[in-house]
Amino acid sequence: MNRTWWKEAVIYQIYPRSFMDSNGDGIGDIKGITSRLDYLKYLGVDVLWLSPIYRSPNDDNGYDISDYQAIMDEFGTMEDFDEMLSEAHARGLRVVMDLVVNHTSDEHKWFMESRRSKENAYRDYYIWREGKDEKTPPNNWGSCFGGSAWQYDEETAMYYLHLFSKKQPDLNWDNPKVRDEVFNMMAWWCDKGIDGFRMDVISMISKTKEMPDGQVTDFYGDYGPYCIHGPNIHKYLKEMNKRVLSRYDIMTVGETPGVTTELAKQYAGEDAGELNMVFQFEHVDNHGKYGKWDDQKWQLTKLKKILTRWQTELYGKAWNSLFWDNHDQPRAVSRFGDDRQEYREASAKMLATCLHMMQGSPYIYQGEELGMTNYPFRSPDDFRDIESINAYKEWCLSGNVSHEDFWPCITFRSRDNARTPVQWDDSEQAGFTSGTPWIPVNPNYKEINAKAETKDPDSVFHYYKKLIALRKENPIMVYGKYEPLLEDSEELFVYTRTLDNEKLLIVCNFTDQDVAFTMPEEFTGRSCLIANMENDYSKNNITVKPYEAFVLVR
Ligand code: GLC
Ligand code: CA
């Protein structure tokens, strides 16, 4: 396996809108990020991934871009960006940008031209089709954010495709001019000195030309088989790699909904000539009663099976990206751990141990290092996210399900859980802003905040800091081979890592119960690399306490 900096790196995701506000307008911004670089350096992460900071009308918080080469007005200016980038580099921190090129905003100049006439030079930049008739779209596909995936446009009496909101029209990647524009724009950012791209829904950029109805799930037809891993996806990514990526020392991670381990080797195989790694979603995609809206926790054996498959099948062939949460997912500790007061810290540290000890590059989502929790929503008015707002309408307000049944599900899974402001201290608005935040601060900020945790050596923050530091001193954490133990246990997640003569044992209790554990002979009495509580490892039979995690070295 080749050693590279991005395999050894820990990546920290910033959702700029909710990270730090520098001017009191209630919206996080670039100067806010710059002001917190020392905190990130102290934590020890290597790479910052910024969710989109480009000009945007914010229908989907910046994932709808109207100008790829300008900064969102609320976030500041290009000078602020340049300053942030050089301040980050001065501290040895790299900066990865979000690349959102499956779609643009409908306010992008390409789309404003495109919709004007069928003859317009930009017409073919997007995907236009005739409707079945004036009131019926070309097919039955549904958009990710509810409703049809087609929007009728009066100007030319045709429909355009939008797999996300109607303000996010899909680009037509089959048009070589679109690829030229995107690749030139990417090179422009690389020439500025950025260090990589996280590529938004990149598995969806190539669509089949024939666009038949999809199988109906929930309310609409599924576009999946026709738009995900489409016919030219690998051709376009290889072209992107050749024309842009390979010319720079950067890292790339593709957000690839629907990816399997087989496909991951094509997208991110060591010699595939496409991307460095991909995000897979199997371990966060447990669907239940109402599609993704579900309030159940994973059965541990199922979760382990998925992660073990990714760990073993990619080994030596492609690189894993490791994450529990991000800006589209609920808070890790609330979802996979236990956010009740007596267990929050222990379970947050346990989850960190379990993830950072696996093979791949770990991603930390802002606030995860503090053990931030889901938000206690009181009413649908609390939602800011287009996905949650539309889902509540489509499922509840239209009478498909009662509020009582749906409420626990949508509040457990809403993306807004991840988007409440980072809790910096115990002052008003958690030190995020001197004004009124665009989305309310979680009321638990008095107990959970960076100021308190950086002072407390036993905090979740210091535990993350220690894990990150250990990765730098122990190549086995990066390159060791993973092997599962106790695969049938519904309580313990146990595995080993092996590199040359070294071996680690990782034991994590995912429950609030004491669990009996028989230590493998070779680890009895061995030294502990890191643990979230005390135990006696000299015995063969030990009791693993609720949410306990430890790592032993042979
Ligand atoms: C990705 C982003 C998500 C966004 C969507 C559309 O899944 O992570 O936040 O809404 O793409 O761009
Ligand atoms: Ca601001």
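Colleague: How many residues of the shell around ligand 1 are charged?

Modeller: In this predicted model, local features need pLDDT of at least 70, side-chain atom pairs count only at 80 or more, and totals for chains, interfaces and linings use all residues, while side-chain values use heavy atoms, without hydrogens or water. Residues are numbered from 1 along each chain as written, chains are lettered from A and ligands numbered from 1 in written order. Around ligand 1 stand 14 residues, each with a heavy atom within 4 Å. Four are nonpolar and three polar, and the charged ones (Asp, Glu, Lys and Arg) number seven.

Colleague: Which residue has a polar side-chain atom 2.5 Å from an oxygen atom of ligand 1?

Modeller: Pairs of N or O atoms within 3.5 Å count as polar contacts. For Arg 415 the distance to a ligand 1 oxygen is 3.0 Å, and for His 327 it is 2.9 Å. The 2.5 Å distance belongs to Asp 328.

Colleague: Which donor residue of the calcium ion (ligand 2) contributes the atom labelled O?

Modeller: Donors are N, O and S atoms within 2.8 Å of a metal, or 3.2 Å for Na, K and Ca. Here they lie 2.2 to 2.4 Å from the ion, and Asp 21, Asp 25 and Asp 29 give OD while Asn 23 gives OD1. The atom labelled O comes from Ile 27.

Definitions and conventions:
A polar contact is a pair of N or O atoms within 3.5 Å; within protein, one must be able to donate a hydrogen and the other to accept it, and residues adjacent in sequence count only if both atoms are side-chain atoms.
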